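Please read them with the structure open.

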Amino acid sequence: MTFLQDLRFAARMLLKDRWFTVVAATALGLGIGVNTTVFTFVNAVLIRGLPFERADEIVYLATRDTTKDENDSSAASWQEFEDWRDKARSVPALAAFRFQQMNISDPEHPAERASGVAVTANTFSVLRQQPFLGRDFAPGDDAAGAAPVVIIGYSIWKNRYGSDPAVIGRALKINEVAHTIIGIMPEGMRFPTNSDLWRPLQPLTDESRRNRFISVFGRLAPGVTWNQAAAEMAGISRQLQTTYPDTNKNIEARLMTFNQRFNGGPIRLVFLSLLGAVGFV
């Protein structure tokens, strides 16, 4: 009975001072909304992993200068990617990509800019993610001199082509070069970071080993632990330091997770600071 009396008293007080009630309810609603929004972003950026089969097996390989801060990391050169691919057994299937801005056009639609990435032909097989329409890249698609092809994202297929399945086989100009559309990725597939177009990354053999702009990832071999893979890559790094002292002195391979590679450093600090701030609310 006491509880009901307290409840009635509280209701009378809230009705008596309506402005206080409105302010309190508004503050409570805003606080809950802000907390929910920030946690949603933190969960998406820092907590949730890649949306692929057995995503815990996917590792990123970066380079690190051992004379600098241990948290500093850079991309790899094309030659380092080839060395790792040839020597590593703990990560038997290595793939690589390079971010590119792509201007797309065709006779039926206005030109627009899209976020794209050039990838090795085995990229989607490593991720175990296939186009839902059309085909994946074939091994020869990333060979030097191969005919230009492209896989488009779901949003481009929907917004630019009206979800027309007949788009497969059509020509799409990317930076004024005609590419044949061979596949369409499922909705939500934006790997590695909000990408809408994927085209083959052809060999860059004329690049210097000092030019490190290739992002490398792979999938751990069955039964191989993270520490075992890290130890093997450390050994490969020592070999490269000896073989190429001019370009690989003090350079070692560093295994990373997706979040460490793309959401570490300042980005991670900003989101954790926001989460801590709204926690006080």
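The points below begin with the model as a whole, go on to one helix pair, and end with individual loop residues.

1. Basis of the note. This is a predicted model, in which local features are described only where pLDDT is at least 70, side-chain atom pairs count only at pLDDT 80 or more, and totals for chains, interfaces and linings use all residues. Residues are numbered from 1 along each chain as its sequence is written, and side-chain values use heavy atoms, with hydrogens and water left out.

2. Confidence. The pLDDT, which is the predictor's confidence in each residue on a scale from 0 to 100, averages 82 over the protein, and 73% of the residues score at least 70. Confidence is highest in strand β5 (residues 149-152), with a mean of 98, and lowest in helix α9 (residues 266-280), with a mean of 49. Contact here means heavy atoms within 4.5 Å.

3. Overall make-up. The secondary structure comes to 9 helices and 10 strands, where helices (H or I, at least four residues) and strands (E, at least two) are DSSP runs numbered from the N terminus. Of the 281 residues, 39% count as buried, a term that means under 20% relative accessible area, with exposed meaning over 50% and partly exposed in between (1.4 Å probe, protein chains only). Among contacts between residues at least 6 apart in sequence, 74% join residues at least 24 apart.

4. The packing of α3 and α6. Two packed helices are described by the angle between their axes and the distance between the axes. Helix α3 (residues 78-87) and helix α6 (residues 226-243) pack at an angle of about 125 degrees, with their axes 11 Å apart; this makes α3 oblique to α6. The axes are lines fitted to C-alpha atoms, for helices over the stretch in contact, and the angles run from 0 to 180 degrees between N-to-C directions. Angles under 35 degrees count as roughly parallel, over 145 as roughly antiparallel, 65 to 115 as roughly perpendicular, and the rest as oblique. The crossing of α3 and α6 is right-handed, in the sense that the near helix is turned clockwise from the far one by less than a right angle, anticlockwise being left-handed.

5. The contact itself. From α3 the contact is made by D83, W84 and K87, and from α6 by E232, M233, I236, Q239 and L240. By class, the contact of α3 with α6 has 4 nonpolar, 1 polar and 3 charged residues; Ala, Val, Leu, Ile, Met, Phe, Trp, Tyr, Cys and Pro count as nonpolar, Asp, Glu, Lys and Arg as charged, and the others, Gly among them, as polar.

6. The buried residues of α3 are W78, Q79, E80, F81, D83 and W84. What covers them includes α6, and also β1 (58-65), β2 (93-106), β9 (215-219), α7 (245-248) and β10 (251-256).

7. Most residues other than glycine have a negative phi, and most peptide bonds are trans. With a relative accessible area of 6%, P192 is buried, and beyond four places in sequence P192 touches F97, F99, V117 and F258. N194, in the loop between β7 and β8, has a positive phi near 60 degrees and is exposed, at 52% relative accessible area.

8. Other loop residues. N250, in the loop between α7 and β10, has a positive phi of about 70 degrees although it is not a glycine, and N250 is partly exposed at 28%. V224 lies in the loop between β9 and α6, is partly exposed at 21%, and touches S90 and A229, not counting residues up to four places away in sequence. The C-alpha atoms of V224 and E57, 167 residues apart along the chain, are separated by 9.3 Å.
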